[in-house]
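Hi there,

Here is the structure I promised to pass on to you. Have a look at it first, and then read on for my notes below.

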Amino acid sequence: MKLYLISSIEPEFRDGFSNQTRLQNFKIAQIIAAISLILGMVWRSTTLFYDYEPVLNSFESYLKVNTYFGLVSLFFAAVFILLRKRLMPDELPSYHWIAWMYALLFVIKNVGLSFIAQRNPSNTMAMLLVGLFLVAGVMVFSMLETIAIAGITFCIFIGGLGYFQTDPNLWVSNVVAFFIILSVYILISRLLYTYHANYYKKVRTIEAKNKEIELANESKNELLSMVAHDLRSPLNNIQSLVELMQMPGQEEEQAAYFQLIKDCCDKADRIIREIVAAAQEENSSKLIKNPEHLNTLLQDCFRNWKKVVNNKVKLELILPDEWIVLPIHKDKVQRIIDNLIGNAIKFTPQAHGKISVELKRVKGWVRISVNDNGMGIPADHIPNLFDKFTSAGRLGINNEASIGLGLHISRQFAEQHGGKLWVESVENKGSSFYLDLPA
């Protein structure tokens, strides 16, 4: 447990802790005001049956102080009730100074009663102790607020002592005794602050861990449902093809069946690799970057994809005259580019299809864009396009299935580099994906 005797709770917890303790102080101050009012009325009623003058040297003054503070308690209790009814809970902390002021007045009232009862505070500090230790034990104040109550109370005590106590020896003993009481009050107040601060931190930490566990469970459930859904199709296809191959008279078709089986296995392998990659990225925070020539990186990607499309779609590369070198994680940036080009091919028809990859500088960024004139993306799909297991996934031109992880992983890679991945698209006219990396 960390002690907060002179310090405050850590900055990341400070606002929430302050709001919580201030709301608590409001409730406690309202209770103290109500109890003080009731006790004052009970004591006043007992004066009708019992004579306090032999016990109290200044009975009239004692009676006036209790009456005045009873009215003060009634006023503050009404204010507390009114504020709690009229304001939302998140607005009440702005009026915390009212609860602090009542706590200060409560302590000052007890100081006054200590003087008035016997005109010798050293003999009647019981009321003073009640006031200080009640505030210290039930109300959580910051260090500044605690010191302010102690300082103001000390000044009032010294002033009253000079008026009521003229003996120098008694004056010194009273000041020392009061100073010790104030020191104990501050210590108790800070210990209460420490207890509440550590409890608050523990609760918030548990809540954060529970949220992480909840998100992990949701991710696990999504993962399992995705695996069950997407792997079922290629496995069912393999089973059906094997059953066909076992039927008599299918020898001539076996080569085609083998190719279909291979395609299904490739699809299942791709699904597994995408899911594993997504899980690894969620648990990985390290990014090792090295200076890389983006011109060369794009040329390599372009040559590989040129072989894949085999002139079925027009694929072009636009590079600047300058050589652009950036510190990047080469494999991750290459994977973003491959994913964007692969998606463009998937959603661009072969007839009149055109895909362009461009590298250029744009206002402090290095931009890699992949543009196509394919199917485009419906406007209502764009906000969810980069979500994990997105519902915005669609079948490609040739009914290629979407796993719903590629763009999510690509955006993660872009953000790890301090960059961004975004899209502009018009349905049936084409799409443009932009990868911006800090220059």
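Leu191 counts as partly exposed, because its relative accessibility is 39%, a value between the 20% and 50% cut-offs. Please keep in mind that this is a predicted model. Leu191 sits in helix H6, which covers residues 168-246, and together with Met1, Leu3, Leu5, Ile6 and Leu187 it makes a nonpolar surface patch of about 650 Å².

Ser36, in helix H1 (residues 11-46), is a buried residue, because its relative accessibility is 14% and buried means under 20%. Beyond its neighbours within four places in sequence, Ser36 is in contact with Phe69, Ser73, Tyr102 and Phe106.

On the H9 side, the contact includes Lys332, Arg335, Ile336 and Leu340, while H10 contributes residues including Leu407, Ile409, Phe413 and Ala414.

Finally, two loop residues with positive phi. Lys363 is found between strands E4 (354-362) and E5 (365-372); its phi is near 45°, and it is not a glycine. With 82% relative accessibility, Lys363 counts as exposed. Asn428, in the loop joining strand E6 (420-426) to strand E7 (430-438), is also a non-glycine residue with positive phi, here near 70°. Asn428 counts as exposed at 64% relative accessibility.

Best wishes

Notes:
Residues are numbered from 1 along each chain as its sequence is written. This is a predicted model: local features need pLDDT of at least 70, side-chain atom pairs count only at pLDDT 80 or more; totals for chains, interfaces and linings use all residues. Side-chain values use heavy atoms; hydrogens and water are left out. Patches are made of residues with over 30% relative accessible area and no salt bridge: like charges are joined within 9 Å, nonpolar side chains (Val, Leu, Ile, Met, Phe, Trp, Tyr) within 5 Å. Accessible areas come from the Shrake-Rupley method with a 1.4 Å probe; for residues, only the protein chains shown count as cover. A salt bridge is a side-chain nitrogen of Lys or Arg within 4 Å of a carboxyl oxygen of Asp or Glu. Helices (H or I, at least four residues) and strands (E, at least two) are DSSP runs, numbered from the N terminus. Buried means under 20% relative accessible area, exposed over 50%, partly exposed in between (1.4 Å probe, protein chains only). Contact means heavy atoms within 4.5 Å.
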